[in-house]
2 protein chains.
Amino acid sequence: MTVTIDGKAVAQRVRAQVAAEVAALDPKPGLATVLVGDDPASAVYVASKRRAVREAGMSDHHRSLPATATQAEVAAVLEELAADPAVHGILLQLPLPAHLDPDALIDRIPAAKDVDGLTTRSAGLLARGEPGLRPCTPSGVIELLESQGVKTRGSRAVVVGRSALVGHPMAELLLQHDATVTVAHKHTADLAAVTREADILVVAAGVHGLIGAEHVKPGATVIDVGIHRTADGLQGDVRRAELDGVAARVTPVPGGVGPMTIAMLMVNTLRAATMDGP
Amino acid sequence: MTVTIDGKAVAQRVRAQVAAEVAALDPKPGLATVLVGDDPASAVYVASKRRAVREAGMSDHHRSLPATATQAEVAAVLEELAADPAVHGILLQLPLPAHLDPDALIDRIPAAKDVDGLTTRSAGLLARGEPGLRPCTPSGVIELLESQGVKTRGSRAVVVGRSALVGHPMAELLLQHDATVTVAHKHTADLAAVTREADILVVAAGVHGLIGAEHVKPGATVIDVGIHRTADGLQGDVRRAELDGVAARVTPVPGGVGPMTIAMLMVNTLRAATMDGP
């Protein structure tokens with residue numbers, strides 16, 4: 001029996017916990033979303049983040065800039081938000097229009113308000129195991145593993161993919177949870193031999209249907225971070241159907257990791273409003 | 001036949017290259033070593049770094065503070081050096097006296113002068129694969145591997161140990177050199193099974209004689225970062241004698257990784273003097 005991990009239910013529970021904590025706070029935590037340009041997908045993502053903010057009882061500070069905004073104009077908005085004591089978290093929606101330098105803009109966000117965990121300083125704090133805000137998607141994966149009682153300490157974990165947004169911080173978090181962690185990527189020779197070592201296999205390669213039964217050790221927990229729009233609907237990096245009777249647990253796409261990302265954004269905003277430093 | 005990698009010879013070559021490049025520069029790159037207190041081992045290390053600076057034709061800016069120096073006093077010295085245009089690299093010798101907070105002091109060093117690669121910002125730049133100064137010991141290991149023509153791309157690399165100083169940045173550098181990287185540590189179950197997967201095995205556990213023949217795949221390259229003072233002289237984390245006829249190559253202790261650390265400090269100081277940013 002392979003369990004399908006219900007990410008929606010876990011995300012709901014996390015968001016309800018955040019809302020309960022927020023209810024006891026005054027003033028309320030505030031999240032500022034910054035949207036540059038008019039990419040329709042980005043607009044949808046930002047709208048659903050803002051809805052989650054309001055549902056959690058937090059205050060919604062949104063800024064919208066035209067696609068023609070200059071680097072200096074976006075930077076000025078970020079600095080104003082950085083200085084605003086009502087704003088505890090700042091999220092710069094990516095991707096930005098091509099004429100802007102995303103890394104330089106992200107680094108304008110103070111680490112204490114970096115609810116996406118994407119600044120150089122946040123990456124350094126994570127690498128050094130110091131307190132700080134962690135990227136939402138990998139944090140959501142850790143939360144999913146914990147919700148299922150999956151033991152990380154001493155387990156073999158394999159992360160496929162090494163992006164700054166997911167794969168890389170995912171490996172860091174698993175390592176800090178005392179797993180023996182392997183990072184595989186496009187140069188990995190014999191990927192299946194590597195992934196079959198995994199008790200916990202996190203697939204964040206961005207390659208549709210990359211992972212099938214031949215890649216999975218019987219009894220493993222498989223987390224699929226991929227998301228691809230296909231003629232048959234949303235699908236992941238994992239060929240889910242093949243894993244029945246092989247994996248112990250697997251996340252579906254949609255309804256697995258996806259809902260956790262927004263839930264962890266709420267957790268990070270609450271943390272940013274209540275923690276000291278970094 | 002197991003080759004013993006001659007770290008002294010490689011380090012000598014690297015230092016000669018640095019000296020040749022320095023000879024063409026005016027003004028000369030400057031390294032400031034900061035020693036707090038009178039730990040005899042630290043004094044010896046600082047003296048040998050200063051000697052290497054002079055041998056490379058660079059300028060030696062040394063600061064010595066009493067063991068009773070306060071956090072603010074050490075910070076003031078670091079800020080003065082940070083502002084001094086003749087000082088291109090700053091090295092705060094560790095460990096510090098127990099009443100001082102090393103992380104907070106290290107973070108006073110601007111990333112552009114962080115020749116030890118230990119600041120939070122340098123760790124973040126490394127994690128994100130952005131240009132920056134990297135810690136000397138893991139950089140020295142990469143240099144040793146390259147000197148022996150060991151291929152990293154697509155190889156399986158295992159790092160034993162996850163310290164901020166060596167194990168962690170070592171794994172990062174191997175990953176950036178496109179190896180499939182596994183980090184093992186004290187919670188790893190069946191260490192020998194994990195290390196036997198390695199084409200490149202870097203041992204930075206700080207445990208005398210931890211690794212023997214049973215841990216090594218035939219034909220592997222084994223890099224021993226350990227250093228332990230024993231009745232039989234300096235020894236490493238690897239039981240070197242057992243690896244004859246098993247490993248393809250192994251670094252000795254002493255004379256392997258050790259000499260590379262100072263050589264890479266010279267490389268970093270030269271880079272700090274000549275690069276833009278970070």
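User: How many residues does the contact take from chain B and from chain A?
Analyst: In this predicted model, chain B gives 32 residues to the contact and chain A gives 32 residues.

User: What area is buried between them, and what do carbon and sulfur atoms give?
Analyst: About 2700 Å² is buried between chain B and chain A. Carbon and sulfur atoms give 49% of that.

User: Salt bridges, how many?
Analyst: The count between chain B and chain A is 7. One pairs the side chain of A:Arg162 with that of B:Asp178, at 2.9 Å from N to O. That distance is within the 4 Å cut-off, so the pair counts as a salt bridge.

User: Which elements of chain B supply at least two residues each to the side that touches chain A?
Analyst: Those are α5 (120-127), α7 (167-176) and β6 (180-184) of chain B.

User: Which one has the largest share?
Analyst: α5(B), with 6 residues of the side of chain B that touches chain A.

User: How does that side split by class?
Analyst: On chain B, the side touching chain A has 11 charged, 11 nonpolar and 10 polar residues.

User: Switching to strands. Does β6 of chain A run parallel or antiparallel to β6(B)?
Analyst: Antiparallel; 3 bridges join β6 of chain A, residues 180-184, to β6(B).

User: What stands opposite A:Val183?
Analyst: B:Val181, in β6(B).

Conventions:
Residues numbered from 1 in each chain as written. Chains lettered and ligands numbered in written order. Predicted model: local features only at pLDDT ≥ 70, side-chain atom pairs only at ≥ 80, totals over all residues. Heavy atoms only, no water. Contact = heavy atoms within 4.5 Å. Buried area = accessible area lost by both parts, 1.4 Å probe. Helix = DSSP H or I, 4+ residues; strand = E, 2+ residues; numbered from the N terminus. Nonpolar A, V, L, I, M, F, W, Y, C, P; charged D, E, K, R; others polar. Pairing = 2+ DSSP bridges.
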